Structures are given as structure tokens and as C-alpha cells.
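Dear colleague,

Please find the structure below, with the sequence alongside. My notes on what was found in it follow directly after.

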Amino acid sequence: MSFIKFENVKISGIACKVPKQKFLLEESNLFKSSKDVKKFSKITGIKEKRHANNSTTTLDLCLDSANQLISELDWDKTEIDLIVFVTQTPDYPVPNNAIIFQDRLGVKKDSMCFDVPLGCSGYVYGLSIVFSLMEKGFMKKALLAVGDTLSKQANPKDKSTYPLFGDAGSVTALEYDYKSSDSEFYLWSDGSGYDKIIVESGGYRNPINSESIIDKVDLNGNIRNKVNTYMNGSAVASFTMTEVPDQIKKFFDLSNKSNDDYDYFIMHQANKFLNENIRKKIGFEEKQTLYSMENFGNTSSTTIPLTICSNQMDKSSNKLLICGFGVGLSIGIASIEIDSNFKKIMIDEFKK
Amino acid sequence: MKDFIKKISEEILEETSIEEINSDTLIEEIEEWDSMCVMLFIGLADSSYNKPVTGEDIEKCLTIKDLYNLIS
């Protein structure tokens, strides 16, 4: 079973960057009327989101986040031993983003760098990997870059995906600290649901050919091709409403904790209806449950760091229950703590 | 059934009045019924009736009565 406890690793800060370009749902031609948009926004909780332009990639958003965070923390780049990059939208299929990121950031060559191609559960998985590699103290400082530009993968004529997905990049700074509080992780996967959220072409099962990029209409009138994201919305909804709360309850049992042990509950931002369903089942109060989807949509693995950076928290030190879930199908749940020295930076260059 | 129709009307449908639907109403004739309504129905079945319902179950339903049978 993948229930893991870690000690000696501290989350020192998180920086997030969102692209300047706003996409307002009310201006989208995917909806029949403004009433249709209002209904969609009411259910999903999404009003607007950000889109990266053609020359901005996930790597760029994460690099800007890293530079600001390193400067705010007053870190020396030569002290960074480890870079893990969680993304499904890298600059190239080969090589990994993390290695390019190391060079562009100016991190030393004797550092460990690799990518983790997970989606909505990816932040929790990325944290668990960094914690396990650092716990012994051989590596002292690490960066976890997490980002995606899913607006580029969704077809603009597909109402089941395009209005939901926004773009964002983040970097979380972690350091070895024997005084830090313990963290707990529980990781869950169900590969029988691999086709519920999928990009069918582009790997070696279905290599890209001329047919992959032809737009086709599905039974619901949504248009997409085989290099676009496909999502079976009702299957994902069933999974989210049953499996996610069940696994959080299992995490409570395994860790001998309950919702009373946490200051805040931060979930992957799937949609408001589904997230509220989980919140009510777990028993968290509304004010303890943080959201960012209204302004940024579903930003894939970045939703959890983006929700942390775009919200105010009452106390200086906070115990957080975080939960990412989605493509895979995959769930990651963790209990983490941020202390009073924690730095958070939100980089948003949008100007009216 | 009456209570079920009331719930469908209050929690799922916005543009269709409760008088317009009964147990024999065909789902395809409810103009606003879309993938969002399917998601809301899965939520309603789960939260109010404690029944796990899938999108495929709902796709097989023709009438409101068929939906009712899923949760009873």
C-alpha cells in the first residue's frame, strides 16, 4: 500500500505564474446564449481562465516562478540539488523539461533532474517524490516545478473540455530541515480508467498520422481530433463523487486523523459542483475549503499550488489537507504543513 | 415519484417548469437536458438516494420513470 510518512523536509515557498491573456466564458462562441454561459458557470464555478500565447510554454511560466521565488527566499542557485518537473505539456517529447529548466535557471550540473508526466494528481505525486529523495539529508534544496498549458491541448470547438482548462505554472521550493513537521501521503491509481481522460494519438500506440489531426464531431456535437484531450465527463464525475471521498476517508483511517486536524482543505479544482460534493462528504466547512477555479479554471496539476498562492490564509502557520485527482485515473492525498516563514508569490501581469 | 420529480425540477432543470414533466416524459424532449444535467443527476442520485449511477446507466434511460428506477 502506498501510505507513506516523511520527516525532515520543509516546504519553504511556492510561486505561481498565470499568463496575461484572459479567456472569458461569456465571450466564448461555444455557448448558445448568455443564459447557457451562466448555467455553465454556476455549475462548474468557472467564469474566466488564462491562456498562454503561442510563444509561452509551461517551462517559461515555471522559470519565471522559479526566478522570483529563489530571489525572495534568498537562495543561492548553486545549492539546488534536485529538480522534479511535473507536466503533461513539456517543450519537447524528448528530452525532459527538468533538464532544460536546470540550464536556463543556472543550476549546477551535479543536480538530479527529471520529469513526471502526471496530470491533476501530479502535485501530490511530485511532492511525495521530492520528500522521499530529500528525507535522508543527502540533498538539501529542491525545486518542484508543476505546470500545464492544457488550453493548447483542448479543441476550441469542444464544449466538454475547452471551457474548463486554463494555463498556469508553479514552483515549490523544498529544503532539508530536521526540525520540520512530519508529512503523510497516500497515493492511489486505477489504470482501468485510462481512457476516461486521454489524448489518443502522439504516443507509440497510435502514432500521429494525417488522420489524427482531422476534427470529428461526436454524438454530443463536440468537435475534436486525436491529438486533443478527450474527457468522458460523466465517468469522471462518478469517479470524483465516489472514489475521491472514499480514499480521503481511507487516508484519515491510515493516518489516524480527521478533518478537525486541518486548517484548510485544498482540492484539485475540477469543477465546483464535484468539489462541493467531496467537501460535504468529508465534512469540511466552506470557509476551510479554498478555491481558485472561478478566475483560473482547471489548471491541471497546478490547481493546488495556484489555490494556495491566490488565497489568503488566516493564520501564519497552517496544516493543509491536499488532494489531487483525475487523469490516470489517479488520486494523491497528503497532509502537509506550512510555517510562518513560508513565502508565497502570485505573478499575474494582467492589466485591464 | 412526486418527490423525485420535484428534486429533478429543483436541482437539475432551470428552464423547464415542474408542470412540464411527469413520469412518462421523454428525456430527449427536455430541451435543456445536456451533459451538465447528466453530471447533476449523478450527484443527485449519490447525495439524495445514496445510489451510485454512471453516465452509461443514464444514457440507457428513455423516460423520467427510467431515471426513477435507477435510484429506487
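The contact between the chains involves 14 residues from chain B and 14 residues from chain A, two residues being in contact if their C-beta atoms, placed from the backbone, lie within 7 Å. On the side of chain B that touches chain A, two or more residues each come from α2 (35-49) and α3 (55-59) of chain B. The largest share, 9 residues, belongs to α2(B). By type, this side of chain B divides into 7 nonpolar, 5 polar and 2 charged residues (Ala, Val, Leu, Ile, Met, Phe, Trp, Tyr, Cys and Pro count as nonpolar, Asp, Glu, Lys and Arg as charged, and the others, Gly among them, as polar).

This is a predicted model, in which local features need pLDDT of at least 70 and side-chain atom pairs count only at pLDDT 80 or more, while totals for chains, interfaces and linings use all residues. Residues are numbered from 1 along each chain as its sequence is written, and chains are lettered from A and ligands numbered from 1 in the order in which they are written.

Helices (H or I, at least four residues) and strands (E, at least two) are DSSP runs, numbered from the N terminus. In chain A, strand β17 (residues 330-338) is largely enclosed by the rest of the structure, because 8 of its 9 residues are buried (20 or more other C-beta atoms within 10 Å of a residue's own, C-beta atoms being placed from the backbone). Strands count as paired if DSSP finds at least two bridges between them. β17(A) pairs in the antiparallel sense with strand β9 (residues 183-189) of chain A over 6 bridges, and Leu187(A) stands opposite Gly332(A). Strand β16 (residues 318-326) of chain A also runs antiparallel to β17(A), joined to it by 9 bridges; here Leu321(A) stands opposite Ser335(A). In the hairpin of β16(A) and β17(A), 3 residues lie between the strands, and Gly328(A) takes a positive phi near 150°.

Yours sincerely

Definitions and conventions:
A residue is buried if 20 or more other C-beta atoms lie within 10 Å of its own, exposed if 12 or fewer, and partly exposed in between; C-beta atoms are placed from the backbone.
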